[in-house]
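Work through the exercises below with the sequence and the 3D structure in view. Each task is followed by a solution in steps.

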Amino acid sequence: KIWASGESVWIADIPLNPEFRRASAALKEGMHGAFFFPIIGDNVVLGVMGFFSSEVKEEDTLKRISTIGRQIGMFLLRRQAEEQTRTQMQHLVALRDIDKAIISSLDLHITTEIFLDRAFHQLNVDAIDMLLFDPNMQMLRYAGGRGFRTTHIQHTRIHLGEGIQGKSLLDNRIICIPDVNTSDEILLQKD
């Protein structure tokens with residue numbers, strides 16, 4: 001009810017209110033009065049706070065604290081915005097590092113290593129690799145990676161149009177696989 005309406009709810013005596021779904025649990029704790037208010041941020045209900053009392057309470061006393069819900073909501077939204085800003089700054093720093101590597105070095109290996117390192121840490125993934133297209137062989141070849149436990153991935157060679165990576169390159173599209181263990185597609189192919 002609070003979530004949908006965004007309004008505070010006062011229950012003078014829990015046993016007399018059939019709409020309160022947690023009445024039996026509250027009564028077992030010896031609670032009788034209750035007041036609930038929404039935690040609101042940016043006109044969206046983010047949560048609900050409940051206050052219980054072993055006594056029957058007057059509505060006036062409890063309604064005065066409902067502004068706390070808006071203050072908590074504003075605090076939560078501010079913290080979320082700060083976290084998003086921090087993450088975006090980290091991404092920008094990583095992009096700047098990659099940009100500097102590209103500008104300052106003609107060595108593809110150095111640029112690839114810097115890119116893989118920054119992407120691995122910024123994306124917070126378990127493993128990452130880069131396959132580069134060899135136009136003479138018409139295949140993707142392993143160029144670098146992070147997070148793999150063995151060296152098997154380093155021997156990857158995939159023909160254009162084969163496997164997920166080869167299809168992704170040929171079709172010029174992103175392919176997302178939520179669980180590689182249940183995919184029918186071939187992820188890795190070795191010569």
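Helices (H or I, at least four residues) and strands (E, at least two) are DSSP runs, numbered from the N terminus. This is a predicted model, in which local features need pLDDT of at least 70 and side-chain atom pairs count only at pLDDT 80 or more, while totals for chains, interfaces and linings use all residues. Residues are numbered from 1 along each chain as its sequence is written, and side-chain values use heavy atoms, with hydrogens and water left out.

**Exercise 1. The chain as a whole**

Task: State how many helices and strands the protein chain has, and in what pattern they follow each other.

Solution. 
Step 1. The protein chain has 6 helices and 6 strands.
Step 2. Along the sequence their pattern is α-β-α-β-β-α-α-α-β-β-β-α.
Step 3. Buried means under 20% relative accessible area, exposed over 50%, and partly exposed in between (1.4 Å probe, protein chains only). Of the 191 residues of the protein chain, 25% are buried.
Step 4. A contact means heavy atoms within 4.5 Å. Among the contacts with a separation of 6 or more, 42% join residues 24 or more positions apart.
Step 5. Accessible areas come from the Shrake-Rupley method with a 1.4 Å probe, and for residues only the protein chains shown count as cover. The protein chain has an accessible surface of about 13500 Å², and carbon and sulfur atoms hold 54% of this surface.

**Exercise 2. Strand β2 and its partners**

Task: Find which strands pair with β2, and over how many bridges.

Solution. 
Step 1. Two strands pair if DSSP finds at least two bridges between them.
Step 2. β1 pairs with β2 in the antiparallel sense over 3 bridges. In this pairing, I11 has A34 of β2 as its bridge partner.
Step 3. β2 and β3 are also antiparallel, with 9 bridges.
Step 4. F37 belongs to strand β2. From F37 to G47 the sequence separation is 10 residues, and the C-alpha to C-alpha distance is 8.7 Å.

Task: Is F37 buried or exposed?

Solution. The relative accessible area of F37 is 0%, so F37 is buried. For the strand as a whole, 9 of the 9 residues of β2 are buried, so β2 is largely enclosed by the rest of the structure.

**Exercise 3. The nonpolar cores**

Task: Name the residues of the largest nonpolar core.

Solution. 
Step 1. A nonpolar core is a set of buried Ala, Val, Leu, Ile, Met, Phe, Trp, Tyr and Cys residues joined through side-chain atoms within 4.5 Å.
Step 2. The largest one has 8 residues: V9, I11, I14, F20, A23, A26, A34 and F36.
Step 3. β1 (9-11), α2 (23-28) and β2 (33-41) are the elements that give two or more residues to this core.
Step 4. A second, separate core has 5 residues, including A119, F120, I128 and M130.

**Exercise 4. A nonpolar patch**

Task: Which residues form a nonpolar patch on the surface?

Solution. 
Step 1. Patches are made of residues with over 30% relative accessible area and no salt bridge; like charges are joined within 9 Å, and nonpolar side chains (Val, Leu, Ile, Met, Phe, Trp, Tyr) within 5 Å. A salt bridge is a side-chain nitrogen of Lys or Arg within 4 Å of a carboxyl oxygen of Asp or Glu.
Step 2. The patch consists of V44, L46, F75 and L76, which together have about 310 Å² of accessible area.
Step 3. Two or more of its residues come from each of β3 (44-53) and α4 (67-104).
Step 4. L76 sits in helix α4, and its relative accessibility of 34% makes L76 partly exposed.

**Exercise 5. Salt bridges**

Task: Count the salt bridges and describe the one between E113 and R146.

Solution. 
Step 1. Side chains of opposite charge can pair when their charged atoms come close.
Step 2. The count is 6 salt bridges.
Step 3. E113 and R146 form one of them, at 2.8 Å from N to O. Because E113 lies in helix α5 (residues 108-123) and R146 in strand β5 (residues 139-146), the pair ties together parts that are 33 residues apart in sequence.
Step 4. E113 is partly exposed, at 24% relative accessibility.

Solution. R141 is partly exposed at 27%, whereas D134 is buried at 18%.
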